[in-house]
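Good morning, everyone, and thank you for making time for this short talk.

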Amino acid sequence: MMMSPRRASRSERDCPEPGWCDVPTSFAGVLLAPGAAYMVYVGELRVYRFRGGKLEERTRDLAALDDGVSDGSISPDALAMLAQHANAATRALGCDAAVEMKTQVESTAPGDIFLVCSAGLWRAVPEHRMSGILAAHHELRLAASLLMDCAHEHGEAEHVTCLLARVGDN
């Protein structure tokens, strides 16, 4: 999927703070349809699926380290150097006039929970902790609030995004 958004960045005269408008923007979306989840993403947002008590990452953030490791194009020396910037997004809205977004489709089961979250959550909170919260709390609004609180407790002061959706009966 290609997306040609208006540039997310604005001119410096329109920015409230210097450099603020040059920050790339991430996007992730999940469309739940009968029996299927359609996912599209770019940047550092991730999509997880919680099914049968197990949390599984369904997408990968599009980071410099991931791009080279996945296709084998990075030498060991370059890999060591890139590790310092492993989470620098290589694809995000606002970097270029057009951006290729990753897409995928997978089957769903009744009761599946999809979690869309920012790096503020997945970097700060271990997956077993996220899974425990989702397992213990059926009410999604409460679970989302607890996930956000957990990220703050683990030192993430801001920039935390957490969205939850449950697949209903077909």
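Predicted model: local features only at pLDDT ≥ 70, side-chain atom pairs only at ≥ 80, totals over all residues.

Let me begin with helix α4, whose buried residues pack against β4, β5, β8, α3, α5 (140–153) and β9 (162–166). Residues are numbered from 1 along each chain as its sequence is written, and side-chain values use heavy atoms, with hydrogens and water left out.

Some terms are already needed here. Helices (H or I, at least four residues) and strands (E, at least two) are DSSP runs, numbered from the N terminus. Buried means under 20% relative accessible area, exposed means over 50%, and partly exposed is in between, with a 1.4 Å probe and protein chains only.

Which residues of α4 are buried? In this helix, which spans residues 127–136, they are Met130, Ser131, Ile133 and Leu134. Seen down the axis of α4, these buried residues fall within an arc of 160°, so they line one face of the helix; the arc is that of the directions from the helix axis to the C-beta atoms. His128, Ala135 and Ala136, on the other side of α4, are exposed.

Now to strand β8, one of the elements that α4 packs against. Five of the five residues of β8 are buried, so this strand is largely enclosed by the rest of the structure. In a regular strand the side chains alternate between the two faces of the sheet. In β8, Ile113, Leu115 and Cys117 point one way, Phe114 and Val116 point the other way, and all are buried.

How is β8 joined to β4 and in which sense, parallel or antiparallel? The two strands run antiparallel and are joined by five bridges, where two strands count as paired if DSSP finds at least two bridges between them. Val47, for instance, has Val116 of β8 as its bridge partner. Strands β8 and β9 also run antiparallel, with five bridges joining them, and here Phe114 has Ala165 of β9 as its bridge partner.

Let me stay with Ala165 for a moment. This residue is partly exposed, with a relative accessible area of 30%. Leaving aside its neighbours within four places in sequence, Ala165 is in contact (heavy atoms within 4.5 Å) with Leu32, Asp112, Ile113, Phe114 and Leu140.

Next comes Ser118, which is found in the loop between β8 (113–117) and α3 (119–122). At 8% relative accessibility, Ser118 counts as buried. Not counting residues up to four places away in sequence, Ser118 touches Glu44, Leu45, His159, Val160 and Thr161.

Let us turn to the charged pairs. A salt bridge is a side-chain nitrogen of Lys or Arg within 4 Å of a carboxyl oxygen of Asp or Glu, and a search of the whole structure finds eight of them. One is formed by Asp112 and Arg51, whose closest N and O atoms are 2.6 Å apart. Asp112 lies in the loop between β7 (102–107) and β8, and Arg51 lies in strand β4 (residues 46–51), so the pair ties together parts that are 61 residues apart in sequence. Asp112 is buried, at 1% relative accessibility, whereas Arg51 is partly exposed, at 30%.

Arg49 forms another salt bridge, with Glu56, and their closest N and O atoms are 2.5 Å apart. Arg49 is buried, with a relative accessible area of 7%, and Glu56 is partly exposed, at 23%. Glu106 and Arg58 form a further salt bridge, with closest N and O atoms 2.8 Å apart. This pair links distant parts of the chain, Glu106 being in strand β7 and Arg58 in the loop between β5 (54–57) and α1 (64–71), 48 residues apart. Through salt bridges that share partners, Arg49, Glu56, Arg58 and Glu106 are joined into one network.

My last stop is an open sheet of three strands, which has the order β2-β3-β7 with antiparallel pairing. Its edge strands are β2 (27–33) and β7, each of which pairs on one side only. Strand β3 (residues 36–42) pairs with β7 over six bridges, and Tyr41 has Lys102 of β7 as its bridge partner.
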